[in-house]
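Open the model in your viewer and keep the selection panel handy. We will walk from stop to stop together.

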2 protein chains.
Amino acid sequence: MSLGEFDLIETFFWRRPGQGPHRAVVGNGDDCAVIAPAPGMQLAVSTDTMVEGRHFLSTVSPARLGHKALAVNLSDLAACGAAPLAFTLALTLPRVDEAWLKGFAKGLLDLADEHDCELIGGDTTAGPLAIGITVMGEVPAGQALLRSGAQVGDDLWVSGHPGEARLALDAFRGSLHPGLGTEAFEATRLAMERPDPRVALGVGLRGLATSAIDVSDGLLGDLGHVLRRSRVGVALSLDELPVSPWLAARSPDERLNCILAGGDDYELLFTAPPAQRERVTQLGAELGLVLSRIGQIEAEPGLRLWRGASAGASEGRQAVPNRWASFDHFKGAA
Amino acid sequence: MSLGEFDLIETFFWRRPGQGPHRAVVGNGDDCAVIAPAPGMQLAVSTDTMVEGRHFLSTVSPARLGHKALAVNLSDLAACGAAPLAFTLALTLPRVDEAWLKGFAKGLLDLADEHDCELIGGDTTAGPLAIGITVMGEVPAGQALLRSGAQVGDDLWVSGHPGEARLALDAFRGSLHPGLGTEAFEATRLAMERPDPRVALGVGLRGLATSAIDVSDGLLGDLGHVLRRSRVGVALSLDELPVSPWLAARSPDERLNCILAGGDDYELLFTAPPAQRERVTQLGAELGLVLSRIGQIEAEPGLRLWRGASAGASEGRQAVPNRWASFDHFKGAA
């Protein structure tokens, strides 16, 4: 990198006005950054790489890309009930473009500031556009929300409105007939390009939820991970799925496909005992977040989809075959 | 990734016989891994990405590449005096090649096991070959070795024989006249492709060294970071530089260029008070590592090179102009 390019990176990422290292004991610029989790806290760590053409379209604005690159990592912390602490950034860039860098840094660091998550180290390399982030958070010892904790009889909950990101992606791909109107396109595109990680929900669910995962590969696919890890099954009520106004306007098939197999949603899917229903509902109200009770954990392994009865009720319900392949879809390792 | 490809990654990286998670409270496979630094310890974090063609040649064996990808990160921990704890791996692969993956995983995980550094998370993506590692280590609170601690009067030390990696690189580039013999080529190639991170030295220097950095950009370039951060200068004796047998056989110009401006060495450059000379020498003997005292920290900023007198002595010494540009070379950001 030339001196001028180096200066641009320094300016946008490391020398922000009014910002000094606050979480790091030793900040960026030494061989390592040094951080200290609070006494009694354990460190939750997650890593995600986003590659152009695979994880994002070249049409995305740099600010939204910066936001999303951190958001998907914060979402992993949320799914563990961990509060964000710090992150490292490995940036591979085809060229150093001032306007791009400025926008990317703004999207990234605005979200970082919102969650008090400090950029403590990084590395910039020439090459095809890719963004690698490793995020660190803290969670009280033994209180991390795991995929393996779902218990028979637990309610299954999901936050927000999964499926919007997939609807936008289908619109980009030109595979929607009829297509989306401008308003629906912009709204669902925002869900795809600028997801809100459910950090406050994850922290609020400590001691309340028995298991949690974030919906990145599609609701049924991610639910599958919880069922396998917890060695349980589920009865899921299609009638209780939260349907966003944009999805309500689509055909029933398209709607269910987006909600159940869409992915890229970064909502939380979690289980909690029925005794906690009131507290979960109250938490959702406090956070201004729709939390929907969509099923119940059962002892018999596997996934059973139902219509015609609310979650947990067995009277009057009709089985629906699972036509959504992502239930057996494996994540890109690790 | 197909199921078979997923299985290969699982087999080589995550399901090793006789290996279970030991450092991680929650291992790979949940949304986050969870680790717990010991009480009183702070966490040192460093991240490095290696991209084909830029950080390594396509001729390198996968095992050596796996070794080096982790080694350069462990070297950053060493330069902070931190003991390795855990790391995450972000692998971008053009294709899933079983033989390559097997070799890469072996080189990587053998070095990880040697330093008891657990692979706790990762992510595999399709794309041009790149390896991103974030390493975490622990260091007693307040004892991290920083670039900013060098004091006037301190000795300047360097471990091992810097310059060999550069000699091998020049041989690969075909810019050596005469070329290297087979034995010299294989030996220096090993230094370039399979560096030994000085982890035990870094830990041993806690409370002994006042500052430390690892030599990745060239001795003078990295020394410059220490001088600027510590706001001091240095008198460096060219006569005291450690010269490996392979470099001794080259012309004086080539020799000095490799040692002073070579880079990619991953030796430690550190400062310590003269009162610690005996303990530093003893540490080197215990570790079977050559430690050379090559200069002295002075109050006047800048770098002064000398010949004809040992480090610290001013009688009979002759100034040598600095012809090695890397002194003002900036690292690839952050």
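Predicted model: local features only at pLDDT ≥ 70, side-chain atom pairs only at ≥ 80, totals over all residues.

Residues are numbered from 1 along each chain as its sequence is written, while chains are lettered from A and ligands numbered from 1 in the order in which they are written.

**The sheet.** Strands (E, at least two residues) and helices (H or I, at least four) are DSSP runs numbered from the N terminus, and two strands pair if DSSP finds at least two bridges between them.

**Where the chains join.** Zoom in on E2 (residues 33-35) of chain A and E3 (residues 41-51) of chain B, which run antiparallel and are joined by 3 bridges. Here A:Ile35 stands opposite B:Leu43.

**A helix pair.** Next, show H4 (residues 164-173) and H5 (residues 182-193) of chain A, which pack with their axes 7 Å apart at an angle of about 115°. Axes are lines fitted to C-alpha atoms, for helices over the stretch in contact, and angles run from 0 to 180 degrees between N-to-C directions. Contact means C-beta atoms, placed from the backbone, within 7 Å. Among the residues touching are A:Leu167 of H4(A) and A:Phe185 of H5(A).

**A last residue.** Finish at A:Thr125 in strand E5 (residues 118-126) of chain A. Why does A:Thr125 count as buried? Because 21 other C-beta atoms lie within 10 Å, and the cut-off for buried is 20 or more (exposed is 12 or fewer, partly exposed in between), with C-beta atoms placed from the backbone.

Methods
Contact = placed C-beta atoms within 7 Å.
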